[in-house]
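Subject: Structure handover

Hello,

Here is the structure you asked about. Please open it alongside this note, as I go through it residue by residue.

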Amino acid sequence: MKQSFYDALKNAKPLQIVGVINAYCAILAEKSGHRALYLSGAGVANASYGLPDLGVTTLDNVLEDARRIVAASDLPLLVDIDTGWNDIGETIKAMQSAGVAGIHMEDQAAHKRCGHRPNKELISKEEMGERIKQAVAAKTDSNFLIMARCDALASEGLEAVIERSAYYATCGANAIFAEAMTDLSHYQQIKAALNVPLLANITEFGKTDLYSADELAGAGVDMALYPLTAFRAMSKAALDVYQTLLNEGSQASSIENMQTREELYEYLDYHKLEQEVDSKK
């Protein structure tokens with residue numbers, strides 16, 4: 001049975017939410033013991049389409065990956081919907097129909113960019129409030145999580161992040177995503193102004209230090225997000241193998257770093273499914 005984010009939040013502080021770029025990654029994360037999954041907009045653009053994260057992927061692009069992940073795992077899936085696309089209400093309805101457990105939407109202009117890149121353009125807090133209200137109005141499942149992402153630190157400062165975050169919560173956001181924080185104390189100050197859960201994005205090579213789960217819990221953070229951690233590791237491993245094949249003429253020296261065929265079969269319940277197929281012949 002599918003879990004909700006609210007169920008997962010009861011059992012962890014902070015709840016670690018791990019990025020998965022496909023269905024098999026979702027299986028690996030669940031069988032490793034994780035309790036919540038994430039589909040990044042950048043992950044869809046980078047991994048599924050070979051594109052940069054500049055708001056070029058569509059709702060249908062993201063839904064295709066989301067449906068595959070939901071079908072493969074019972075864990076709640078949080079999905080990045082950028083700025084909501086053309087019709088926020090329809091986006092929310094589509095995400096619920098796909099079995100997604102929650103979404104986050106940001107306060108950038110429609111031509112958004114990665115939250116850890118310069119020159120982000122924000123909309124007003126009032127316009128973002130309207131986006132949130134449209135999303136909330138489209139909810140048909142009370143357990144569906146509407147999270148508001150605030151990108152204001154770089155251009156407007158911490159006080160604006162606190163003001164915006166508190167306002168977003170009054171507009172109906174069920175949780176706040178404080179993007180690109182540059183000090184652990186920022187989370188403490190934001191959380192003090194909120195009565196909803198707070199998420200910290202612990203992404204590599206960005207503006208935020210790689211705080212531990214214990215450090216984040218001490219700062220009042222309820223959810224810790226690792227959006228592309230596994231994807232980056234997978235990509236480096238794949239590149240190393242491709243280069244090894246060219247340089248050495250064989251994959252032999254890379255074997256020790258590979259998942260074995262039997263390990264793959266174990267995670268996929270291959271033998272069980274094979275027996276079911278054979279029994280129907």
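Buried here means under 20% relative accessible area, exposed means over 50%, and partly exposed is what lies in between. Keep in mind that this is a predicted model.

Start with Ala 180. Its relative accessibility is 9%, so Ala 180 counts as buried. Ala 180 sits in the loop between strand E6 (175-178) and helix H9 (184-192). Its phi is positive, at about 60 degrees, although Ala 180 is not a glycine. Most residues other than glycine have a negative phi.

Asp 269 also has a positive phi, near 55 degrees, and is a residue other than glycine. You will find Asp 269 in the loop that runs between helix H12 (261-268) and helix H13 (270-279). Asp 269 has 40% relative accessibility, so it counts as partly exposed.

Next, a peptide bond. Most peptide bonds are trans. The bond joining Lys 13 and Pro 14 is cis, with omega about -5 degrees. Pro 14 belongs to the loop between helix H1 (5-10) and strand E1 (15-19).

**Around helix H3**

Is Thr 57 buried or exposed? Thr 57 is buried, because its relative accessibility is 6%, and buried means under 20%. Thr 57 lies in the loop between helix H3 (41-49) and helix H4 (59-72). Which residues does Thr 57 touch, leaving aside neighbours within four places in sequence? Its contacts are Gly 41, Val 44, Ala 45, Tyr 49 and Trp 85.

Ser 48 is in helix H3 itself. Its relative accessibility is 35%, so Ser 48 is partly exposed. Again leaving aside neighbours within four places in sequence, Ser 48 contacts Gly 43 and Asp 65. Ser 48 and Asp 65 are 17 residues apart in sequence. In space, their C-alpha atoms are 8.2 Å apart.

**A charged patch**

Now look at the surface. Asp 183, Asp 209, Asp 214 and Glu 215 gather there in a patch of negative charge. One of these, Glu 215, lies in helix H10 (residues 213-218). Glu 215 has a relative accessible area of 39%, so it is partly exposed.

Best wishes

How values were computed: Residues numbered from 1 in each chain as written. Predicted model: local features only at pLDDT ≥ 70, side-chain atom pairs only at ≥ 80, totals over all residues. Heavy atoms only, no water. Helix = DSSP H or I, 4+ residues; strand = E, 2+ residues; numbered from the N terminus. Buried < 20%, exposed > 50% of the residue type's maximum accessible area, 1.4 Å probe, protein only. Contact = heavy atoms within 4.5 Å. Patch = residues over 30% accessible without salt bridge, like charges linked within 9 Å, V, L, I, M, F, W, Y side chains within 5 Å. Areas by Shrake-Rupley, 256 points an atom, 1.4 Å probe, with all protein chains shown as cover. Salt bridge = Lys/Arg side-chain N within 4 Å of Asp/Glu carboxyl O. Lys, Arg positive; Asp, Glu negative; His and termini not counted. Charge placed at Lys NZ, Arg CZ, Asp CG, Glu CD.
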